[in-house]
Amino acid sequence: MGIAVQHISKTFGAHQALRDVSMEVPDGQLVALLGPSGCGKTTLLRIIAGLEAADAHDGTSIRFDDRDVSGTSVGTRKVGFVFQHYALFRHMTVFENIAFGLRVKARRERPSGRAIGAKVAELMKLIQLEGFERRYPAQLSGGQRQRVALARALAVEPKVLLLDEPFGALDARVRADLRRWLRRLHDEVHLTSVFVTHDQEEALEVADRIVVMNQGRVEQVGTPDEVFHHPVNAFVADFLGKVNLFHGRVEEGKAVFGGLVVDGEHGAGQEGHAAQLLVRPHELELLPLTSTEAGLAAVVQRIQSTGSMVRVELETDDGQSLRADVPHDRFAALGIHVGDGVRVAPRQTRVLVDDYVI
């Protein structure tokens, strides 16, 4: 079941949480709503679920396939919702927590006790917690509780699965393991799913598509590869990983950044406009100070050699801070130390004029 959200706005008193948001979730995909705290992503998720109502405007709609569910209750939308803090019933066993949604169905829709038992057993196998049926939530780890919460949401066979920062309450190691598990689970069940996160790495690793949000608006929608490698503006580029930002101007159809000149169509017809050059740390090459290759002079301020890449922090002659991520073998060949002068040159360029990539 696909989801189509059209022209959704939401205000809370004087605060506008969402500003004319439109987006689509293709059938069977796992889509991340990604953005900083307060950008409106949880509000949008709750409106899709029916837990909040959007402001009434012409053209506003929430469609599940061809059905407009804007005016329907949360109970009739058939969504499964997983909260950040599990929301399990502490006095119920794992079995009863998962079975809860089935037991409270109307009598004519309620499965038999045997059918409920079979469904719970199927889900216990799916979440890899067989043998934990008689335990209580307090006897489980955080990651296990979240898997139980997910099984409870799946038990009622929802048309759509919605997850609000499902890993936010977990420590980094458990979070990394659980998100890989969620990706594998989704590949098995192929249920249309939307999850909220402010963790860029999480969204890039798990999602089929990412909706990047900021201040109540959608900035960009695309695959992880598209939003990371082809950001439409400076916010998306900076939010999806560290970015070195160079400031310059358009001169004679070229983008000029101090000693760097970017040729091509950048800035054609936009003479005198402010330009920005975005370069990710792994795209910034370090060269000996004696190199004749075009670049900017900088001084090494700090070196961090732990990890898969060597992180080198630098400062240019005009006081700009930069970061370069250098492979260990390349760093060893350079033989640089803190206080040494180098030249920095971008291997790949993204130029923005008036805040938009061109």
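Predicted model: local features only at pLDDT ≥ 70, side-chain atom pairs only at ≥ 80, totals over all residues.
Q: What percentage of the residues of the protein chain count as buried?
A: A residue is buried under 20% relative accessible area, exposed over 50%, and partly exposed in between (1.4 Å probe, protein chains only). Of the 358 residues of the protein chain, the part that counts as buried is 47%.

Q: How many helices and strands does the protein chain have?
A: Helices (H or I, at least four residues) and strands (E, at least two) are DSSP runs, numbered from the N terminus. The C-alpha trace spans about 80 × 50 × 35 Å along its principal axes. Within the protein chain there are 9 helices and 21 strands.

Q: Which residue in β8 is the bridge partner of Leu 162?
A: Two strands pair if DSSP finds at least two bridges between them. Strand β7 (residues 160-164) runs parallel to strand β6 (residues 79-82), with 4 bridges joining them, and β7 also pairs in the parallel sense with strand β8 (residues 193-197) over 4 bridges. In β8, the bridge partner of Leu 162 is Val 194.

Q: Through which helix does the chain cross from β7 to β8?
A: A crossover is right-handed if, with the strands pointing away from the viewer, the path from the first strand over the helix to the second runs clockwise. The β-α-β crossover from β7 to β8 is right-handed. The helix through which it passes, residues 172-189, is α5.

Q: Which residues of β7 point the other way from Val 160, Leu 162 and Asp 164?
A: Strand β7 is mostly covered, with 5 of its 5 residues buried. Val 160, Leu 162 and Asp 164 point one way. Pointing the other way are Leu 161 and Leu 163.

Q: Why does Thr 197 count as buried?
A: Thr 197 lies in strand β8. Contact means heavy atoms within 4.5 Å, and among the residues that Thr 197 touches are Ala 32, Leu 33, Lys 41 and Glu 165. Thr 197 counts as buried because its relative accessibility is 2%.

Q: Is Glu 219 buried or partly exposed?
A: Glu 219 has its place in strand β10 (residues 217-222). The residues that it touches include Val 212, Met 213, Val 232 and Phe 235. With a relative accessible area of 24%, Glu 219 is partly exposed.

Q: Against which helices do the buried residues of α2 pack?
A: In helix α2 (residues 94-103), the buried residues are Val 94, Asn 97, Ile 98, Ala 99, Gly 101 and Leu 102. They pack against α3 (113-126) and α4 (142-155).

Q: Which residue in β18 does Val 312 stand opposite?
A: Strand β18 (residues 321-326) is largely enclosed by the rest of the structure, because 5 of its 6 residues are buried. Strand β17 (residues 310-316) pairs with β18 in the antiparallel sense over 6 bridges. In β18, Val 312 stands opposite Ala 324.

Methods. Residues numbered from 1 in each chain as written. Heavy atoms only, no water. Lists of a residue's contacts leave out its neighbours within four places in sequence.
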